[in-house]
Amino acid sequence: MDFLERANFYENYILKLQKRLERLKESPDPRRLKANKLRYELEIEEAKEILRAWKEGKPFSNGGDLTAGILTKAMGFTPAGSVGAAFQTLTPQKYLDHAAARGLPVEKSCDMTMMPFAMMECGDLPFEDIAICDNHACTPMMLRGIYMAYKGEVHTYFIDIPFEQNDDAITYVADQLREFIEYAERKFKDKGIKYDEEKLVELLEINDKIQKANEEVYEMLKNKPCPIGGYDVFLIGGIISPSKKALEYVQARTEEIKERVDKGIGAIPDEKIRIMWTTTRPFFMDPFSPLSKWGANVCFYYAGPVGTWAPFPGRIFWKRELSPIEKVAALALSDQWGHSGTRWVEPMIWICRDLEIDAIINYNMVGCVATLGLRKIIEERAEKELGIPTLQLEGKQWDKRYADEKIISEKLETFAQLCLIQKGIL
Amino acid sequence: MEKKLINFIEASIKGDKYKWAKYWKQKGGKVFGIISSYIPEEIIWAGGVFPFRLRGMWKENIELARIYRPENSCDFCTHILESFLRGELDFLDGLIVGDIDQDVIRLVDVILYLKKLNFCHIVHVPFVFTSDIHVQYYANELRKLAEKIEENTRSEIKEENIFRSIELYDKLRNLLSSIYEMRKSDQPPLSGEEFLKLMLTVNAMLKNEAIVELEKILPYLYKRKANLKAIYPRVMVLSEDLDNPAYIELIENEGCVVVMEDMEMGIRYVDTFPFNEAKDPFYLLAKRYLQKHGSARMGTWNKQMENILNWVKEFRIDGVIGLLFSWCYPQQYRAPFLQKKLEEKEIPCMFFDVSYCFSNVAQLKTRIGAFITSLKEKRR
């Protein structure tokens, strides 16, 4: 194996981001936000921190980003961030093949549940010192945690997230988090792991500010033309680990979007159709260009973390003042993935109405147990209640065997054209 | 007696599997369908409601359910939805499920969306049991379940009724456990296929009536020797919601006997959970149910493996056959772990993807046949 092949994910990722930064400087894409420069810088900084921690043998935590990501960070763990890494890898097939060789149901499952563990086994990501396995998101994500606990021999702490969102549920999760703190402090005493409430409060405050900024962005998405679209919309829908640099980026992003709104600048020229994209997307291609070709802009990305910032009714489900630990618990309970169908579909319909969405692209990812069984309900409700069409787009995140770039592009273009015909534009 | 036994075993296969439930309704009772062995039937029965464990229709044609459930989703749930959509389950007054898997929740979503039932309740089943916090929460979930049943039936569920119901179910499980004991013998009284049919009948019946029938049959079973193609090799089947005896028949027709099965319609129903003396019936049930041998969705794979290895020893198992539903994620994720652990102990095992309805028979027969042949070779 030569030197280039030996480079781990983060080393390669830093190079990739630096190239992106250069490209952004030399020929910026006018459709994309300039604030992305800060995002790339933030990611480079985070990647370098991980590499440093890896080299110095500092303890890593992983899993349950929404469940306890903030808490573990406040305790002194370095977040390994493996799911994010799986989204950004340049060699996805290597990891899918590795997981398949382990006998895992790669072909049938969501790629994101398969790749992080394989990336660790291949030496491209650090093995976490403690993994949090929980059910805040979907069954496969939880199973991936159980699998790693027993097959991968990764030290794992289980946290159970209940089905309902209420004050009792917050108490239940908070109680488990307190037990986790005791356990982790005992287990990693010699590595300096200690619960630091001040640090947690500081991170939670940053997180609140990030969410508030995202709420402001949400309001601005109502503008026609929509100030952002495609990739930038997906970035808002994702999870961001709270830090001063992250807040700086999010606030700059919000300001830039405000500027665009003031100047009437849209993400794409001559926006004709406003689209909500759900669940996830193919990462091996640009799915937005086939749409923008026909004036269709993806204005909103609907996924689990929407529950932490989009202002739909019932999002703030707690009825009392929360302690810092309870706030972490509430975040874990806010994830929209994999709970009742009502909890997934109601906000989706509400947001479509609120943002005057013209069409939904429902990404039917093979293996997404959390969403697949709702496809018909979404389609029927969108049509009956909003009079808008839904494209059921089949595919995976990295694996092209179900649908490749050509098939997906054709479907997207056809859908955009049909939407234009329905609107009487084409 | 043989005729009586066969009639009992075949009762829910050859006749109307819903006849007991429908009879209960005729008498003015209510029937709730249930999914998951983590839902304590004891509470439902204490509320005067007949808890009926749902099975889907064993037919390949599932065109109505397919509209709502894509091919890459759990086959068991899809077949249950088909039963709902064809009106087969119209007699149900409600549905109670555990959130054991999101596919089950999605089934409930569709049933509610199509207004097939007015009463559906989802019980949160903690996927771990590492702290008393989990037991307490589950106990509260069971208390809420009781309240929901009370609202629906407009009658109170008294604690003494729950304790009486627990006694009834313990008696039933003890009787079924004694059949498992008999299956440890060189020539078991029932084939694996017969045992699964018996379980289906017991599950479809009112439990007090099932106890009466089992008490009549048991003395005969102690003497009976099943008419088997072969008494060796002895096989254990691992699955989840598989309940079609045709699969077990196919395995045994290859010249072996199935003496143990780790699945919902098997030991997971019968397992007599550790007794505890909690005074609160909900806490008692919560602790017992969380301690029982788990499904693939639970975070207790190591404990599950320990149980499987104990059964291999106790039942003198020669080989393990895993029958996994193609799109059942918990089974599919757990299989490599089980395979590795079994291989480490040099226990022959093979895992096969199957459908809920009996299909792909020829290929399955060839592959299972080859595995059974290898077990026979090993014995020689």
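1. Chain B and chain A bury about 4000 Å² between them, and carbon and sulfur atoms give 64% of that area. The model is predicted. On the chain B side, B:Gln102, B:Arg106 and B:Tyr333 lose the most area to chain A. Together they make up 19% of what that side buries. The contact involves 41 residues of chain B and 55 residues of chain A.

2. B:Asp353 pairs with A:Lys108 in a salt bridge, with the closest N and O atoms 2.4 Å apart. On the side of chain B that touches chain A, helix 6 (102-113), helix 7 (132-153), helix 14 (301-314) and helix 15 (329-344) of chain B each supply at least two residues.

3. Now the domains of chain A. The assignment gives domain 1 (3-197) and domain 2 (206-422). Their contact takes 54 residues from domain 1 and 59 residues from domain 2. The domain centres, taken over C-alpha atoms, lie 22 Å apart.

4. The two domains of chain A bury about 4900 Å² between them, with 61% from carbon and sulfur atoms. In domain 1, the residues that lose the most area to domain 2 are A:Leu33, A:Leu66 and A:Gln165.

5. The domain interface of chain A counts 5 salt bridges. The rule also finds 26 residue pairs in polar contact there, both residues at pLDDT 80 or more. Several helices of chain A each supply at least two residues of the domain 1 side, among them helix 3, helix 4 (65-75) and helix 5 (82-88). Helix 9 of chain A gives the largest share of that side, 9 residues.

6. Helix 12 of chain A deserves a check of its length. Its 20 residues (244-263) should span 28 Å at 1.5 Å a residue, and the end C-alpha atoms are 29 Å apart, so the two values agree. After the helix comes A:Gly264, with a positive phi near 70 degrees.

7. Which residues of helix 12 of chain A are buried? They are A:Lys245, A:Ala246, A:Leu247, A:Tyr249, A:Val250, A:Arg253, A:Thr254, A:Glu256, A:Ile257 and A:Arg260. Their cover includes helix 3 (36-56), helix 10 (197-220) and helix 11 (230-237) of chain A. A:Lys245 is buried, and its side chain meets that of A:Glu41 in a salt bridge (3.6 Å, N to O).

Key:
Residues are numbered from 1 along each chain as its sequence is written. Chains are lettered from A and ligands numbered from 1 in the order in which they are written. Side-chain values use heavy atoms; hydrogens and water are left out. Helices (H or I, at least four residues) and strands (E, at least two) are DSSP runs, numbered from the N terminus. The expected span of a helix is 1.5 Å times one less than its number of residues. Buried means under 20% relative accessible area, exposed over 50%, partly exposed in between (1.4 Å probe, protein chains only). Contact means heavy atoms within 4.5 Å. Domain bounds come from an automatic or database domain assignment. Buried area is the accessible area (1.4 Å probe) that two parts lose on being put together, summed over both. A salt bridge is a side-chain nitrogen of Lys or Arg within 4 Å of a carboxyl oxygen of Asp or Glu. A polar contact is a pair of N or O atoms within 3.5 Å; within protein, one must be able to donate a hydrogen and the other to accept it, and residues adjacent in sequence count only if both atoms are side-chain atoms.
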